[in-house]
Amino acid sequence: MKPFTVRLRFHGDLNVFLGSKAHDAEIELRLAEKTSIKDVIESCGVPHPEVDLILVDEQRVGFDHTLANDAKIQVFPVVNHGTAHTYKRLQTTGIIRFVTDGHLGGLTRNLRLLGFDLAYDRNADDRQLLEVMTRENRALLTRDRRLLMHAIVQHGYCPRSQNPDEQTIEIVRRFDLLELIAPFTRCLRCNALLEETAKAEIIDKLEPLTKIYYNQFRRCPGCKQIYWSGSHFPKLQKRIEEIRSRVRGKA
Ligand SMILES: [Zn+2]
């Protein structure tokens with residue numbers, strides 16, 4: 001078939017994925033055969049789970065759209081404004097179950113602190129991450145964009161920042177989680193939901209001062225870790241409030 005030219009324009013922060021081929025978030029490609037829009041977008045470095053809206057010559061299309069002629073393509077990221085979108089999206093929000101790769105331990109802890117369900121194994125390889133993602137219907141969080149491009153990934157996100165607190169804010173925004181935050185409900189170490197426990201049941205495991213000053217405790221049914229509103233508690237609360245207000249700030 002006759003070769004044709006497609007011009008892609010990437011909006012929002014999708015330009016972080018573009019390589020040196022891009023000029024001002026625009027890429028021009030010459031194609032010699034029919035190609036799916038998904039493959040064309042990913043060939044520019046942008047993983048499909050990051051793409052929320054695609055326009056080909058002003059027409060909205062899905063990932064299965066095939067390109068065969070010259071076209072102008074616009075690609076938009078997920079942007080949440082706290083209200084319903086007026087267009088049909090390719091991605092979903094409100095996902096509260098995630099699997100994180102081994103480099104995202106800090107983010108994992110933060111999201112568990114906010115009550116979200118995080119599968120995390122520091123030593124998991126790519127195959128294991130994809131397996132957990134599929135089997136447990138989780139969104140994949142990784143800075144490995146190649147992994148996010150895997151065909152079986154439905155929901156996922158590449159944290160832009162390397163800083164766990166910034167990453168946490170990104171995730172809460174991307175998946176629209178602000179109203180779903182339930183702090184201090186989940187074990188930071190093993191992800192299990194915490195249970196209220198009577199002081200009498202655990203008193204022999206407490207330090208002398210903790211025994212005296214605290215009366216309310218939660219215990220992890222998984223790893224048996226005991227939680228209480230100790231001296232670290234105001235600091236954690238402050239951190240959660242900071243995350244909330246920063247997410248609101250941009251909304
Ligand atoms: Zn635990």
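1. Basis of the note. The structure is a predicted model, in which local features need pLDDT of at least 70, side-chain atom pairs count only at pLDDT 80 or more, and totals for chains, interfaces and linings use all residues. Residues are numbered from 1 along each chain as its sequence is written, and side-chain values use heavy atoms, with hydrogens and water left out.

2. The five-stranded sheet. Five strands form an open sheet of mixed pairing, in the order β2-β1-β7-β4-β5. The edges are held by β2 (26-31) and β5 (59-61); each has a single partner strand, so one side of each lacks a neighbour in the sheet. On average, neighbouring strands of this sheet are turned by 30° against each other, direction ignored. Strands here are DSSP runs (E, at least two residues) and helices likewise (H or I, at least four residues), numbered from the N terminus. Two strands are taken to pair if DSSP finds at least two bridges between them. The angles are taken between axes, lines fitted to C-alpha atoms (for helices over the stretch in contact), and run from 0 to 180 degrees between N-to-C directions.

3. Strand β7 and its partners. Strand β1 (residues 4-10) runs parallel to β7 and is joined to it by five bridges. Within this pair, Val6 stands opposite Ala71, and Arg7 is opposite Lys72. Strand β4 (residues 51-56) also pairs with β7 over five bridges, in the antiparallel sense; here Gln74 of β7 is the bridge partner of Leu55. The covered face of β7 (residues 71-77) consists of Ala71, Ile73, Val75 and Pro77, while Lys72, Gln74 and Phe76 make up the uncovered one.

4. Strands β8, β9 and β10. Strand β8 (residues 97-100) is parallel to strand β9 (residues 117-120), with four bridges between them. Strand β8 is also parallel to strand β10 (residues 139-141), through three bridges. Thr100 takes part in both pairings: its bridge partner in β9 is Tyr120, and in β10 Thr100 stands opposite Leu141.

5. Buried means under 20% relative accessible area, exposed over 50%, and partly exposed in between (1.4 Å probe, protein chains only). Cys44 is also buried, with a relative accessible area of 3%.

6. Disulfides. A disulfide is counted for a pair of cysteine sulfur atoms within 2.5 Å, and the count comes to zero. For Cys44, the closest cysteine sulfur is that of Cys158, 16 Å away and therefore too far for a bond.
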